[in-house]
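Here is a short briefing to read with the model open beside you. Take the topics one at a time and find each residue as you go.

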Amino acid sequence: MTNPTSNTLPKSPIVLIQNPKSGHCHKVSLFMTLNAIPFTTVEPDMAKGEHKSDRFSSLNVFKQVPVITDGDITLADSNAILVYLIHAYADSDYWLGKDAKEKALIQRWLSVSAGELAKGPAAARLEYVFGATIHVPTVLATSETLLANIEAHLGNTVSAFLVGEHVTAADIAMYSYIAHAPEGGISLSKFPLINAWINAVESLDNFVPMPASDIAPARNTSPHS
Ligand SMILES: N[C@@H](CCC(=O)N[C@@H](CS)C(=O)NCC(=O)O)C(=O)O
């Protein structure tokens, strides 16, 4: 499937400050790759705490990746960066919705990605891939509810994508941490529509995967059994 791009390109490649194992960062690199937006990457040594330095704070007060610089513009937060890139370099009606309702439906998924997705499957993966401490029952309950809701939603959509007839920012915002949920021990085996959606995103022209981490032993996503 061809993705529309606009003719506008950055004057020089965008710099993406990232961690290659971060789904928040993959959202951004995936979008730029799909839209042929030129970029280079810088990878702070997060194990050594480089992202906690004063220099990094001047880029993002929350001391997190991703951050981009585009000329004299510096932006943090994966969803904010997505919205910027879409308005600056892509077809905003296509990626963010053509009318009020579609824009709101897409925005809702950006909110879910910063909420339930970050607190559920992304957090479960943080424990296994980065050794973070999480509250397992809460993370499992959030993940189970989220995946069940996405599966039910995909049963009522007009295409394999989350909103409308083609890929949008909703799919880009949600894809990375759902596709890599098994790396946090969250199995996707009982969600056929989610698997079909993952395949649809991975079939896009110029799709680029996030590097795989080891698959963690499947967790029982029912926190009460
Ligand atoms: N809301 C932020 C969250 C970004 C985030 O959680 N980044 C993680 C990597 S996936 C990070 O930099 N963590 C380092 C830390 O918090 O110390 C976004 O969407 O960009």
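Two strands pair if DSSP finds at least two bridges between them. Helices (H or I, at least four residues) and strands (E, at least two) are DSSP runs, numbered from the N terminus. This is a predicted model, where local features need pLDDT of at least 70, side-chain atom pairs count only at pLDDT 80 or more, and totals for chains, interfaces and linings use all residues. Residues are numbered from 1 along each chain as its sequence is written, and side-chain values use heavy atoms, with hydrogens and water left out.

**The hairpin**
- Strand S3 (residues 67-70) and strand S4 (residues 73-76) run antiparallel and are joined by 4 bridges.
- Across this pair, Asp70 stands opposite Ile73 in S4.
- S3 and S4 form a hairpin with 2 residues between them, and Gly71 in the turn has a positive phi of about 60°.

**The ligand**
- Around the ligand you will find Ser22, His24, Met46, His51, Lys52, Gln64, Val65, Pro66, Asp77, Ser78 and Tyr177; a residue is near a molecule if one of its heavy atoms lies within 4 Å of it.
- By class, this shell has 4 nonpolar, 5 polar and 2 charged residues (Ala, Val, Leu, Ile, Met, Phe, Trp, Tyr, Cys and Pro count as nonpolar, Asp, Glu, Lys and Arg as charged, and the others, Gly among them, as polar).
- For polar contacts, look for pairs of N or O atoms within 3.5 Å.
- An N or O atom in the side chain of His51 is 3.2 Å from an oxygen atom of the ligand, and a polar side-chain atom of Lys52 lies 2.9 Å from a ligand oxygen atom.
- Val65 uses its backbone: an N or O atom there lies 2.8 Å from a nitrogen atom of the ligand.
- The ligand exposes 510 Å² when taken alone, and the protein buries 74% of that (areas come from the Shrake-Rupley method with a 1.4 Å probe).

**Backbone features in loops**
- The peptide bond from Val65 to Pro66 is cis, with omega near 5°.
- Pro66 lies in the loop between helix H2 (54-57) and S3.
- Ala36 is not a glycine, yet has a positive phi of about 55°.
- You can find Ala36 in the loop between helix H1 (23-34) and strand S2 (39-42).

Conventions
Polar contact = N/O pair within 3.5 Å; in protein donor to acceptor, adjacent residues only side chain to side chain.
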